[in-house]
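Subject: Structure handover

Hello,

Please find the structure below, followed by notes on what was found in it.

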Amino acid sequence: MKVTEHIKNAKGKTLFSFEIIPPKKGNSIQQLYNNIDPLMEFKPPFIDVTTSREEYVYIEKGEGL
């Protein structure tokens, strides 16, 4: 269901949702489920998973580089 459909079906009632950040690249998807499971008791109409945060890797090459 689309977010706009949730809002339409709320008929003026207040809705809330959660926005979570996915685990860093290379980590287990289980982290995501571990974060979502405790939130389910609140019965949110939807949970938004944002795009991955930026990750930088710095490699020192010597001589100040």
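Leucine 15 sits in the loop that runs between α1 (3-10) and β1 (18-20). Please keep in mind throughout that the model is predicted. With a relative accessible area of 36%, Leu15 is partly exposed. Together with Val3 and Ile7, Leu15 makes up a nonpolar patch on the surface, and the accessible area of these residues together is about 250 Å². A patch residue needs over 30% relative accessible area, and Leu15 has 36%.

**Overall layout**

The protein chain contains 2 helices and 2 strands. Their order along the sequence is α-β-α-β. The radius of gyration of the protein chain is 18 Å, whereas a compact globule of 65 residues would have one near 11 Å. The C-alpha trace spans about 65 × 20 × 15 Å along its principal axes.

As for burial, 14% of the 65 residues in the protein chain count as buried. The accessible surface of the protein chain comes to about 6100 Å², with carbon and sulfur atoms supplying 54% of that area. Among contacts with a separation of 6 or more, 69% are between residues 24 or more positions apart.

**Aromatic pairs**

How many aromatic pairs does the structure hold? There are 2 aromatic pairs. One of them joins phenylalanine 16 and phenylalanine 18 in an edge-to-face arrangement, at 5.6 Å centre to centre and with 85° between the planes. That pair is classed as edge-to-face because its planes are 85° apart, and the class takes planes over 60 degrees apart.

Phenylalanine 18 also pairs with phenylalanine 42; this pair is tilted, with 6.3 Å centre to centre and 50° between the planes. The pair links distant parts of the chain, as phenylalanine 18 belongs to strand β1 and phenylalanine 42 to the loop between α2 (30-36) and β2 (47-49), 24 residues apart.

Is phenylalanine 42 buried, partly exposed or exposed? Phenylalanine 42 is partly exposed, at a relative accessible area of 47%. Phenylalanine 16 is also partly exposed, with 39%, and phenylalanine 18 counts as partly exposed at 22% relative accessibility. Phenylalanine 18 is not classed as buried because that class requires a value under 20%, and phenylalanine 18 has 22%.

**Histidine 6**

Histidine 6 is part of helix α1. Its relative accessible area is 15%, so histidine 6 is buried. Leaving aside residues up to four places away in sequence, histidine 6 touches Met1, Leu15, Pro45 and Phe46. One of these, Leu15, is also a member of the nonpolar patch described above.

**Isoleucine 47**

Isoleucine 47 belongs to strand β2. Isoleucine 47 is partly exposed, at a relative accessible area of 25%. Which residues does isoleucine 47 touch, not counting residues up to four places away in sequence? They are Phe18, Ile20, Ile36 and Met40. Isoleucine 47 and isoleucine 7 are 40 residues apart along the chain, and their C-alpha atoms are separated by 14 Å. Isoleucine 7 is a member of the nonpolar patch.

**Positive phi angles**

Most residues other than glycine have a negative phi. Two residues to check against this background are lysine 43 and glutamate 63.

- Lysine 43 is not a glycine, yet has a positive phi of about 50°. Its place is in the loop between α2 and β2, the loop that also holds phenylalanine 42. At 67% relative accessibility, lysine 43 counts as exposed.
- Glutamate 63 likewise is not a glycine and has a positive phi, of about 55°. Glutamate 63 lies in the segment after β2. With 85% relative accessibility, glutamate 63 counts as exposed.

Both residues are classed as exposed because that class covers values over 50%, and the values are 67% for lysine 43 and 85% for glutamate 63.

Regards

Terms used: Residues are numbered from 1 along each chain as its sequence is written. This is a predicted model: local features need pLDDT of at least 70, side-chain atom pairs count only at pLDDT 80 or more; totals for chains, interfaces and linings use all residues. Side-chain values use heavy atoms; hydrogens and water are left out. Patches are made of residues with over 30% relative accessible area and no salt bridge: like charges are joined within 9 Å, nonpolar side chains (Val, Leu, Ile, Met, Phe, Trp, Tyr) within 5 Å. Accessible areas come from the Shrake-Rupley method with a 1.4 Å probe; for residues, only the protein chains shown count as cover. A salt bridge is a side-chain nitrogen of Lys or Arg within 4 Å of a carboxyl oxygen of Asp or Glu. Helices (H or I, at least four residues) and strands (E, at least two) are DSSP runs, numbered from the N terminus. Buried means under 20% relative accessible area, exposed over 50%, partly exposed in between (1.4 Å probe, protein chains only). Rings of Phe, Tyr and Trp (its six-membered ring) pair if their centres lie within 6.5 Å; planes under 30 degrees apart count as stacked, over 60 as edge-to-face and the rest as tilted. Contact means heavy atoms within 4.5 Å. The radius of gyration is taken over C-alpha atoms; the globule rule is 2.2 Å times the number of residues to the power 0.38.
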